[in-house]
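Q: Can you walk me through this one? Start with whatever term I need for the fold.

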Amino acid sequence: MLRVTVVGAAGYIGGELLRLLLGHPEAEVVGAVSSRFPGKRIDGVHPNLRSVTDLTFCSAEDAPESDAVFLALPHRVAMTQIEQWRSRAGVVLDLTGDFRLHDTEVFRRYYGEEHLAPKLLDDFVPGLPELYRERLRTADLISVPGCMATAAVLALHPLVAHDLIDPERGAQVDAKTGSSGSGATAGQANLHAERSGAMRVFAPTRHRHEAEIAQHLGLPAAMTATGVEAVRGAQTLCHATLRPGVGTKDVRRAFRECYAAEPFVRIVAHQRGIYRYPDPKILLGSNFCDVGFALDEDTRRLSAIGALDNLVKGGAGNAVQSLNVRMGLPETLGLTFPGLHPL
Ligand SMILES: NC(=O)c1ccc[n+]([C@@H]2O[C@H](COP(=O)([O-])OP(=O)(O)OC[C@H]3O[C@@H](n4cnc5c(N)ncnc54)[C@H](OP(=O)(O)O)[C@@H]3O)[C@@H](O)[C@H]2O)c1
């Protein structure tokens, strides 16, 4: 059994990590760290875990040594605590933005501050098995990508891997996200009266995930982010111009070659029906990322679409999948929930 600890366990990502790890046949949750609720029952904060566990939260000082620790902390807090957790766990999986960008200049541009542990940046391997599986097998420091970045990267990766995109024009990513993407901390934007019915552009330029997309794909990327009515779910509509002569068959082949053997990426290619393009609604709670595309061969304009649950494949699920890879376990262990329909 792997002994695992979740830090930031009272938050939304922390709750999803606990849900997945408590159901994982090879993991034992030995620590759930919260600074606000030490000694309180976990199911008092995460009511979906009632009767699943009798565990209580603990303080950071009381957290036991473990094989793996998951950092589900706010941005900047992870890089101030990284040495503390590294010394108490074999593998650290960080879910914050702190160790995702490997270039300190890019980090400064997107986060508006200096990095506090720049020497560690190159030691982190991205927690995205579809692109970095071999490196993850031996990684002791893993940085899980942002939710919208994951959906966009998985939607665009086959086109880049097969060199189908006109590189000068790059990609434009129009991302939509549900309200759980901003975490469990109350704020005006999260009030029901403000959020309900919203289609709120909150980052028309320079969203932090934009830099991640460019880093993973090696392609200029521009991203806009809009908050929509949903609680969970993220969808990325990625626009690109293809090289002359590239047709639908080439794009289909690229997707198939990249993802036919992937357990958590599904290619959605239906001619009819309301779910013929990737839609997060049928992915909630699951670790799938659905990808699909539409191409106008006359104008060479391609829309590649990615959809996922921001808290699962966009965060906690991707982290557990990365842990499975790192520990040599079957990659799908603890992650086979297919989502609900209807919902
Ligand atoms: N929400 C998403 O869709 C999503 C997806 C992928 C990645 N992420 C990333 O995952 C991380 C957690 O996100 P979240 O949505 O779960 O946020 P959240 O709901 O706000 O939870 C963050 C947790 O961190 C703890 N915390 C807050 N301030 C702290 C501090 N100064 N020192 C130590 N602990 C502190 C809090 O618990 P205590 O105060 O009780 O310790 C809180 O429960 C963020 O970095 C986020 O960017 C989020």
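A: Contact means heavy atoms within 4.5 Å. With that, residues 24 or more positions apart account for 70% of the chain's contacts with a separation of 6 or more.

Q: What kind of model is it, and what are the ground rules?
A: It is a predicted model; local features need pLDDT of at least 70, side-chain atom pairs count only at pLDDT 80 or more, and totals for chains, interfaces and linings use all residues. Residues are numbered from 1 along each chain as its sequence is written, and side-chain values use heavy atoms, with hydrogens and water left out.

Q: How many of the 343 residues count as buried?
A: 54% of them. Buried means under 20% relative accessible area (1.4 Å probe, protein chains only).

Q: New topic. How many helices and strands?
A: The chain has 10 helices and 13 strands. These are DSSP runs: helices are H or I, at least four residues, and strands are E, at least two, numbered from the N terminus.

Q: How do H6 and H9 pack?
A: H6 (residues 147-161) and H9 (residues 248-259) pack at about 110 degrees, with axes 8 Å apart. Axes are lines fitted to C-alpha atoms over the stretch in contact, and angles run from 0 to 180 degrees between N-to-C directions.

Q: Which residues meet there?
A: On the H6 side, they include Val153, Leu154 and His157; on the H9 side, Val251, Phe255 and Tyr259 are among them. The contact divides into 11 nonpolar, 1 polar and no charged residues. Nonpolar covers Ala, Val, Leu, Ile, Met, Phe, Trp, Tyr, Cys and Pro; charged covers Asp, Glu, Lys and Arg; the others, Gly among them, are polar.

Definitions and conventions:
Buried means under 20% relative accessible area, exposed over 50%, partly exposed in between (1.4 Å probe, protein chains only).
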